[in-house]
Amino acid sequence: MDSQFLVSLLMILVTFGLYIGIAVYNMARQTSDFYVAGRNVPAVFNGMAIGADWMSAASFIGLAGTVMLLGYDGLAYIMGWTGGYLLLTFLLAPQLRKSGRYTVPEFIGDRYSSSTARLIAAVATIIISFTYSIGQLSGSGVVIGRLLEVHTAVGTIIGVVLIAFYSALGGMKGITWTQVAQYLVLIIAYLIPVIFMSLQLTNNPIPWMSYGQIVGELQQLDAQLGISEYVVPFTEATKWQFLALMFTLMAGTAGLPHVIVRFYTVSTMKAARWSGAWALLFIGLLYLSAPAYAAFSRFILMTQVAGSSIADLPAWTASWVNTGSLSVADTNTDGILQWEEIVISNDIVVMATPEIANLGIFVIGLMAAGAMAAALSTAGGLMIAISAALSQDIYYRSINPEATESQRLLVGRASIIIATVAAGLVALNPPGAITQIVAWAFALASGTFFPALILGVWWKRANGPGVIAGMLIGLSVTLTYIFAAKYGGFTILGIIDTGAGVFGAAAAIIAIIVVSLATKAPSKETQEEVMDLRYPEGMTYKDGEVWRTDPAEKKRPDH
Amino acid sequence: MKKIDKREADSYFRIRTILITIYLLIGFTASFVVVFFAEELSEFSFNGMPFHYFMGAQGAILIFIILLFTNAIINDRIDKKFGLDQDQKE
């Protein structure tokens, strides 16, 4: 056991102690002033909490590496994951908030007055959250694997145990101040290395202003080596793939059940708007830094690691080679490590960067703590979404309506453990890089929930049979395309598996429209409810007339 | 509860819809349109990098953030104009 291991472990334990401490402190307070709790959180802090919820292992660990290896083509992830907030805030959040439902399956079931639709939505929630959590487990495998210097697969097994335990305890979700602390740890851990690297390489402490210069130097280095240049667009895939991936990620963001939920638990419409704006600012801070990471890391690897003697590689390479995510074989046996001979996994770039730049054991430990916060908090939320869908929407509402509270709790707990272990088994040998796995979850969300929610909110003629057909067709088209593209080599316009959402969404939208028009219009009551969503809180539509109501008055059912 | 002129309520809906359409068009231009013309735009340079790269790595995100804050500020004003300011009721 070296000092790095101890420092990293200590940083992880201290930060987790902090989250638990805040959670316990707040729980004690909430019993005394129950009604005020949660309502007086300023929008700025709520934005931070949304940021912590949103940023998973894919953003923290995977993104910069993806941009580094894909160059310009990796930027589709950055624009897609931020642009989705426009769709969410402008097209869905206000209406879903006004509808007063708490979960996506609940909204779909009530809006389309169909328990079949609710059941399909619950199954889709489970599939999407399950896929997403494979990415998180795979991410925790990278961190734990490096920490213990074991193979990533062994790290994943340890991650599975941690996450199952953590989620069964209820996770750390829902407590805003804990999430604020998680956001702060996460963003500080992400920014410190990139600021130091910027100072080392350019003498400028502001990475966002300085990495343009490094990008320019990378262009020259690439030209000398005769490889495709870093900034040249569409070298890895076609332009259509870039556009399709970007659409998939945006539409998926607007349709992810565990993200949407955040927007209808705020106290007022105004708070929802401001929280969304702050959230994107805080999320943007990480996304603006990821390309800087990518440029700096690539520059250091190309200038300081490549070209050195194979017998004399920096010490950090050995520990990453052990995890199976880095290969530095001297394939042409000239004793020198060439750039082409470095094979680095997308997923280790961020975690390896502080070591590559020699930033010291505390920064490396902080990175480990930040990455664990990102992976565990999101995985915890996903597991809770899965267990809620299984125990509430499927077991209680469809299988056993007489189930007692404790029976439902038991089903919920059991489903968390089964889902974590199952996701862990898949993550042992991850079917792709973290960002890629997570992109499949977004593709599934954009093929099912995005069309169902958009049309449910904006088109009153959409009905139950339409949405059932739409979600089933969207889900099958997306799944089929992902598998056909990934394993069968089938592509349209060069669009690969990660861009599958564009076909899923198109098929689902067409299916909902065609089937809805071919079947009976929804009841007058449902149509009125959809009309009502047009108006802000404070105005109520009824029988062709609009009434003024007290916007502060809560009309939501108690849960 | 008191009844209000439906035309007034509809004008709120219309203003919101027009604004949202404008915001989404700007967001669409900053992302999809710029990517579509990436090769052509790479001739220009901004903040030390080719323009298409700048837009993907920084420009689009900044525009999205500005759009959300603009929406929050303008919508607060519209609410006030229509007497829907929620803070006063709290």
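This passage describes the contact between chain A and chain B and the sheet that the two chains share.

The model is predicted, so that local features are reported at pLDDT of at least 70 and side-chain atom pairs only at pLDDT 80 or more, whereas totals for chains, interfaces and linings use all residues. Residues are numbered from 1 along each chain as its sequence is written, chains are lettered from A in the order in which they are written, and side-chain values use heavy atoms, with hydrogens and water left out.

Chain A contributes 64 residues to the contact and chain B contributes 50 residues, contact being defined as heavy atoms within 4.5 Å. The area buried between the two chains is about 5,500 Å², and carbon and sulfur atoms give 72% of this area; buried area is the accessible area (1.4 Å probe) that two parts lose on being put together, summed over both. Of the area that chain A buries against chain B, 15% is supplied by A:Phe90, A:Arg273 and A:Arg548, more than by any other three residues.

Eight residue pairs are in polar contact between chain A and chain B, both residues being at pLDDT 80 or more. A polar contact is a pair of N or O atoms within 3.5 Å; within protein, one must be able to donate a hydrogen and the other to accept it, and residues adjacent in sequence count only if both atoms are side-chain atoms. On the side of chain A that touches chain B, α4 (75-99), α9 (207-225), α10 (239-255), α12 (269-305), β3 (539-542) and β4 (545-548) each supply at least two residues. Helices (H or I, at least four residues) and strands (E, at least two) are DSSP runs, numbered from the N terminus. The largest share, 13 residues, comes from α12(A).

Four salt bridges are counted between chain A and chain B, a salt bridge being a side-chain nitrogen of Lys or Arg within 4 Å of a carboxyl oxygen of Asp or Glu. One joins the side chains of A:Arg273 and B:Asp79 at 3.2 Å, N to O. Over all chains, seven salt bridges are found. Within chain A, A:Asp222 forms a salt bridge with A:Arg298, with the closest N and O atoms 3.1 Å apart. This pair links helix α9 to helix α12 of chain A, the two residues being 76 residues apart.

Three strands form an open antiparallel sheet in the order β3(A)-β4(A)-β1(B), where strands pair if DSSP finds at least two bridges between them. Four bridges join β3(A) to β4(A), and three join β4(A) to β1 (residues 2-4) of chain B. A:Arg548 stands opposite B:Lys2 in β1(B), and A:Met539 stands opposite A:Arg548 in β4(A).
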